[in-house]
Amino acid sequence: MVLQLYGSPVSTCTKRVAVVLREKQVPFDFHPINLATREHKSPEYLAKQPFGQVPYIDDDGFVLYESRAICRYVAAKYADQGTPLLPSSSDLKTVALFEQAASVEQNSFEPYASKCGLEKVIFPRMGLTTNQEAYDQAHQTLEMKLAVYDQILGKQKYLAGDGLTIVDLFHLSWGVLLKAGGSDIMESKPNLARWWNEISSRPAWVALKDSVQSVDKY
């Protein structure tokens, strides 16, 4: 049975999962969830995702939510096809460095990039007013964090080492919203820009950056 992905076609977390599915060349049926009508809060949806958030997957009866958990599951289950995106479990030090990078993305990038994206792009689309002070504070903090990224990426090709992993891909959906909000912060330093331009030009991302759609075959 083809993997089923339930989410919003413009959701950052849904795109996070979709780009990993495409990199791993996993066909999937996409089921768009209408956030405007609060479909994600319906009893039917909550039975699968009790927090009422997007996305979740149904893999032949196995239901899983939380985008990063889904990405890890997909990358591990389909390790032998598509782009390798996880370190070998037998290499303890490489795994530790991967987990370090995963923690960096979740704690030093996502909170500030998401705040910037919300204030400058998502809230205005919803008819809400941007809190410029909140944006400026988040952007300033992100700038300091990305200066450290530039140092790290001056010593290695990707965030976890010299091999692409899901952690690099995790930056894409919020990273593009920084640009859409008028910031060139992802290209503000040379090593950071080299890394960002490479990952954001990957065909798997280019194919879905505007909207997620089902994929029958590769």
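Axes here are lines fitted to C-alpha atoms, for helices over the stretch in contact, and angles run from 0 to 180 degrees between N-to-C directions. This is a predicted model: local features need pLDDT of at least 70, side-chain atom pairs count only at pLDDT 80 or more, and totals for chains, interfaces and linings use all residues. Residues are numbered from 1 along each chain as its sequence is written, and side-chain values use heavy atoms, with hydrogens and water left out. Helices (H or I, at least four residues) and strands (E, at least two) are DSSP runs, numbered from the N terminus.

**The H4/H5 pair**

- Helix H4 (residues 92-125) packs on helix H5 (residues 132-153) at about 145 degrees, and their axes are 9 Å apart.
- On the H4 side, the contact (heavy atoms within 4.5 Å) includes Val104, Phe109, Tyr112 and Cys116.
- H5 brings in, among others, Tyr135, His139, Leu142 and Tyr149.
- Sort the residues of this contact and you get eleven nonpolar, four polar and five charged; Ala, Val, Leu, Ile, Met, Phe, Trp, Tyr, Cys and Pro count as nonpolar, Asp, Glu, Lys and Arg as charged, and the others, Gly among them, as polar.

**Helix H3**

- Ser67, Arg68, Ile70, Cys71, Val74 and Ala75 are the buried residues of H3 (residues 67-77); buried means under 20% relative accessible area, exposed over 50%, and partly exposed in between (1.4 Å probe, protein chains only).
- Looking down the axis of H3, these buried residues fall within an arc of 155 degrees, so they line one face of the helix; the arc is that of the directions from the helix axis to the C-beta atoms.
- That buried set packs against helix H1 (12-23), strand E3 (56-59), strand E4 (62-65), H4 and helix H6 (166-169).

**Cores**

- A nonpolar core is a set of buried Ala, Val, Leu, Ile, Met, Phe, Trp, Tyr and Cys residues joined through side-chain atoms within 4.5 Å.
- The largest one has 54 residues, and Leu5, Phe28, Phe109 and Trp195 have the most contacts inside it.
- H4 supplies the largest share of this core, seven residues.
- There's also a second, separate core of five residues, including Tyr6, Ile33, Tyr45 and Tyr56.

- Most residues other than glycine have a negative phi, and most peptide bonds are trans.
- Val54 and Pro55 are joined by a cis peptide bond, with omega about 0 degrees.
- Pro55 sits in the loop between helix H2 (43-46) and E3.
- Gln25 has a positive phi, near 55 degrees, and counts as partly exposed because its relative accessibility is 43%.
- Arg38 also has a positive phi, about 60 degrees, and at 52% relative accessibility it counts as exposed.
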